[in-house]
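The following note is meant for a colleague opening this structure for the first time. Please keep the sequence and the 3D view side by side while reading the numbered points.

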Amino acid sequence: MPDITYAVAMSGGVDSSTTAALLKSQGYNIFGITMDHQSDSIADIENAKRICDILEIPHFVMPARDEFKSKVMDVFAEYYSNGLTPNPCAICNRDIKMNMLLKFARSKGADLMATGHYINMEVDGDSILMSESANPKKDQSYFLSLVDRNNLKYVRFPLGKIKDKSETRKMAENFGLPNFAKKDSQDICFIQDGNYKKFLSEFYSNLNLFAEGNIKLKGTDKVLAKHNGIVNYTIGQRRGLGIAFNEPLYVVSLDSKNNEVIVGPSNDLERRHFSIFSTNWVIEMPESFEAFVKLRSLSKKSKAKILKTENGAEIELLEKSLTPVTAGQICAIYNSENAVIGGGIISRE
């Protein structure tokens, strides 16, 4: 029997439950851990505890409501107030799940922590090779590109080689887990109904995110219409602008300082040069190199030249991206073998 103790990060869903059952079947010592990070966590905690009881393994709960609010929810609102489009899942993975939760797991005696993320990873000492999962629809490498490799050393992803979610559900059913048919969660976890505007208006009204302002044509002072808060717009948006013009217009930038939405024709969306901050390097690279970047989790990769800087990195797209460069979103960087080199958060122009 392997003399390794795993803590399994459990949400009560089928992926993390199957991960726990799989590791137990392989003879590892395991226990479950669940975050109490918001009021809606109670149901997740109960579901995870139920699975742990079925598997006859210990279950621990980590209090994290204050940290989750300050590091994820408050940052989410702050980004919108600054004209950025946030990616809270990537921030949560970096600061909460693969940092705070990992430390909690190790404090309880775990050698390693396992999660139900769909991603492949090989660890050899200090060397980390994290690459896309066998299931492109569920691959979560984009959302993990900001995680420090010193933390990744202690995390494993047993579901990385599964090619279809139906395989996971079949495994869960074979393990006798009652949640094998449970639907996947699609929304941001702290916004259950998916209505982030309602969430922001209720909990962050002090940020004045819905103040009226001007919609202007890029490169001019021409006011085309009024808007009711830049929080209602995102880069690349075409519908809902309420503008009559001689050609289709898109949101090309958000000026939070002047509370303005800037629009222009489709060619104004193409941004070949941009910078990233809060950079993370999973694989050590030279100061300048060519690689592939992904600008949204489901977008195609684009070839790019990367130049490391003191405050992050400069990115030059070497081919046209079908995904608009959106400030606040993650730019994940990959090599030609689909391994994650690193990532960062896209800066404004």
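1. Terms for exposure come first: a residue is buried when its relative accessible area is under 20%, exposed when over 50%, and partly exposed in between, using a 1.4 Å probe and protein chains only. The model is a predicted one, in which local features need pLDDT of at least 70 and side-chain atom pairs count only at pLDDT 80 or more, while totals for chains, interfaces and linings use all residues. Residues are numbered from 1 along each chain as its sequence is written, and side-chain values use heavy atoms, with hydrogens and water left out.

2. Cysteines. How many disulfides does a search of the whole structure find? The search finds zero, a disulfide being a pair of cysteine sulfur atoms within 2.5 Å. For Cys 92, the closest cysteine sulfur is that of Cys 189, and at 6.1 Å the two are too far apart for a bond. Cys 189 is partly exposed, because its relative accessibility is 32%. Cys 92, in contrast, is buried at 7% relative accessible area.

3. The cavity. A 1 Å grid is laid over the protein atoms alone; a cavity is a set of points where a 1.4 Å probe fits but cannot get out, whereas a pocket is an open set with protein on both sides within 12 Å along at least five of seven lines, and lining residues have an atom within 4 Å of a point. Grid points are joined across faces, edges and corners, and a volume is the space filled by probe spheres set on the points. The count is one cavity of 30 Å³ or more. The largest cavity has a volume of about 40 Å³. Its lining consists of Lys 71, Val 72, Val 75, Phe 76, Tyr 79, Pro 86, Asn 87, Pro 88 and Ile 91. Two or more of the lining residues come from each of α3 and α4, where helices (H or I, at least four residues) and strands (E, at least two) are DSSP runs numbered from the N terminus. The greatest share of this lining is from α3, with five residues. By class, the lining of the largest cavity has seven nonpolar residues, one polar and one charged; Ala, Val, Leu, Ile, Met, Phe, Trp, Tyr, Cys and Pro count as nonpolar, Asp, Glu, Lys and Arg as charged, and the others, Gly among them, as polar.

4. The second largest pocket. Its volume is about 350 Å³. Of the 18 residues that line the second largest pocket, Gln 38, Met 73, Phe 190, Phe 199 and Phe 203 lie nearest its centre. Helices α3 (65–81) and α7 (196–203) each give at least two residues to this lining. The lining of the second largest pocket divides into seven charged, six nonpolar and five polar residues.

5. Asp 95. This residue belongs to helix α4 (residues 88–107). Is Asp 95 buried or exposed? Asp 95 is buried, because its relative accessible area is 18%. Its side chain has a polar contact of 2.9 Å with the side chain of Arg 94. A polar contact is a pair of N or O atoms within 3.5 Å; within protein, one must be able to donate a hydrogen and the other to accept it, and residues adjacent in sequence count only if both atoms are side-chain atoms. Leaving out residues up to four places away in sequence, Asp 95 touches Lys 71 and Met 100, contact meaning heavy atoms within 4.5 Å.

6. Lys 165. Helix α6 (residues 165–174) contains Lys 165, which is buried with a relative accessible area of 8%. Beyond its neighbours within four places in sequence, Lys 165 is in contact with Val 14, Asp 15, Tyr 118, Asn 135, Lys 138 and Asp 184. The side chains of Lys 165 and Asp 15 make a polar contact of 3.4 Å.

7. Backbone and loops. Most residues other than glycine have a negative phi. Asn 208 has a positive phi, near 55 degrees; this residue lies in the loop between α7 and β8 (213–217) and is exposed at 55% relative accessible area. Asn 338 also has a positive phi, of about 65 degrees, and is found in the loop between β16 (330–334) and β17 (340–346). At 33% relative accessibility, Asn 338 is partly exposed.
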